[in-house]
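Dear colleague,

Please find the structure below, together with its sequence.

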Amino acid sequence: MQAVILVGGEGTRLRPLTSTVPKPVVPLVDRPFISFMLEWLGKHGIDDVIMSCGFLATSVRNVLGDGSGLGIRLRFVEEPDPRGTAGALKFAEPMLDERFLMLNGDVLTDIDLSAQIAQHERTGAKATLSLVPVADPSAYGLVHLNEDRSVHDFVEKPSPDAIDTNLISAGAYVLQREILQLVPPDRNVSIEREVWPLLIGKGLYGFPSEGYWLDIGSPDRYLQGTFDIIEGNVQTAVVQRLGSDWLAIDDSAEIAGRVIPPAVIERGVRVAGGAHVGSLVVLGEDVSIGAGATVERAVILNGTQIGEGCRLRDCIVAAGCRIGARTSVTGGAVLGEGVTVGADNVIAHGARIFPGVALPDGAIKF
Ligand code: GDD
Ligand code: MG
């Protein structure tokens, strides 16, 4: 079966991680984010994927190639200008089968697509939306169902007074090609605002799902997704890598300090004596952790060097950074690629430092 994944957004809320790397290929645990989605699709029999790209399509293609490594045929289409969620699909129309899946490319999930496809067939729907409960639906598309699971109404980004259910659209749809007759060509069209309303009472169904679901669009959600993967709260291939001790440590890593599971430690990592790493930590290739440093609930990407006595907690440090001795990075802070921070700094409270910035010793304390 075929799937179209929409990856045309700019990922602005994930900056500075997405300042240098497009969101679909930002590393998550041990692979580009979108690989989790491709593996999930593969489990449900999808073998033909069209990536609908806007921004930075070439770098997405360079990282993913033609999909042969995953046993999936992977093709890329690039709109001439951003066409919106339905306009992008319309642009890909010549490549589409009679029935296909459409996915928003920014969610981590293991919902049961096979069951959703089976319901779609049973009801004879033109479009079936998977639905998940969330605590705050205001940033999503709110859905009310009738008894027979046909959609009663759909409200995109509901105002607080319109929220009386917690079921939202998960951004995973089974679609019949004929719905594209409702989409005018050559302009920006929103599937949520302009297509779903036209289909109510005419073949629009919802599929309430019990799987794991997370939109990874912000740094705290990126960290949450990382922790859920390495704790096994979402079904992914990483769980096999971690094994029964919930630790994946590459054989080439040199560990003199302590590592507390769950944790993923990649090739060439060095953890000096007296350092504590974990729990809930990912250290990318060639990361080094200085003597006596503590790193917990954190992601440190390839090649980054953490000095002696540093304290890192609840933070993301991108690739190629250097952090001087005794500096602390906490409270949801995010350091972009190639940032240099001198000794004795205190970086906290959701600070975001953009790629390539250099801070001298003792420059920031708050
Ligand atoms: N190719 C292309 N072109 N892709 C686009 C475009 C475009 O013009 N605009 C957005 N996308 C992609 C984004 O990259 C993302 O993967 C997906 O379409 C959805 O866009 P978002 O901007 O992330 O929408 P949202 O999160 O506010 O809301 C959507 O997702 C929610 C679930 O996370 C809606 O579909 C909601 O109804 C839904 O609840
Ligand atoms: Mg989104």
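**The parallel sheet**

Strand S21 (residues 288-289) and strand S23 (residues 305-306) run parallel and are joined by two bridges. Strands here are DSSP runs of E with at least two residues, helices are runs of H or I with at least four residues, and both are numbered from the N terminus. Within this pair, Ile289 has Ile306 of S23 as its bridge partner. Both strands belong to an open sheet of seven strands, ordered S15-S18-S21-S23-S25-S28-S31 with parallel pairing; two strands pair if DSSP finds at least two bridges between them. Strand S15 (254-255) and strand S31 (358-359) are the edges, and each has a single partner strand, so one side of each lacks a neighbour in the sheet.

**Basis of the model**

This is a predicted model, in which local features need pLDDT of at least 70 and side-chain atom pairs count only at pLDDT 80 or more, while totals for chains, interfaces and linings use all residues. Residues are numbered from 1 along each chain as its sequence is written, chains are lettered from A and ligands numbered from 1 in the order in which they are written, and side-chain values use heavy atoms, with hydrogens and water left out.

**The ligand site**

Ligand 1 is surrounded by 24 residues, of which Gly9, Glu79, Glu156, Ser169 and Glu192 are the closest; a residue counts as near if one of its heavy atoms lies within 4 Å. By class, this shell holds eight nonpolar, nine polar and seven charged residues, where Ala, Val, Leu, Ile, Met, Phe, Trp, Tyr, Cys and Pro count as nonpolar, Asp, Glu, Lys and Arg as charged, and the others, Gly among them, as polar. Helix H4 (84-91) is one of the elements that supply at least two residues of the shell, and H4 gives the most, with three residues.

Oxygen atoms of ligand 1 also make polar contacts (pairs of N or O atoms within 3.5 Å) with the backbone. The distance to a polar backbone atom is 2.9 Å for Gly141, 3.0 Å for Gly105 and 3.4 Å for Arg83.

**Backbone features**

Most residues other than glycine have a negative phi, and most peptide bonds are trans. The bond from Pro261 to Pro262 is cis, with omega near -10°, and Pro262 is in the loop between strand S16 (258-259) and strand S17 (263-265). The bond from Gly278 to Ser279 is also cis, with omega near 0°. Asp186, which is not a glycine, has a positive phi near 60°.

With kind regards

Terms used. A polar contact is a pair of N or O atoms within 3.5 Å; within protein, one must be able to donate a hydrogen and the other to accept it, and residues adjacent in sequence count only if both atoms are side-chain atoms.
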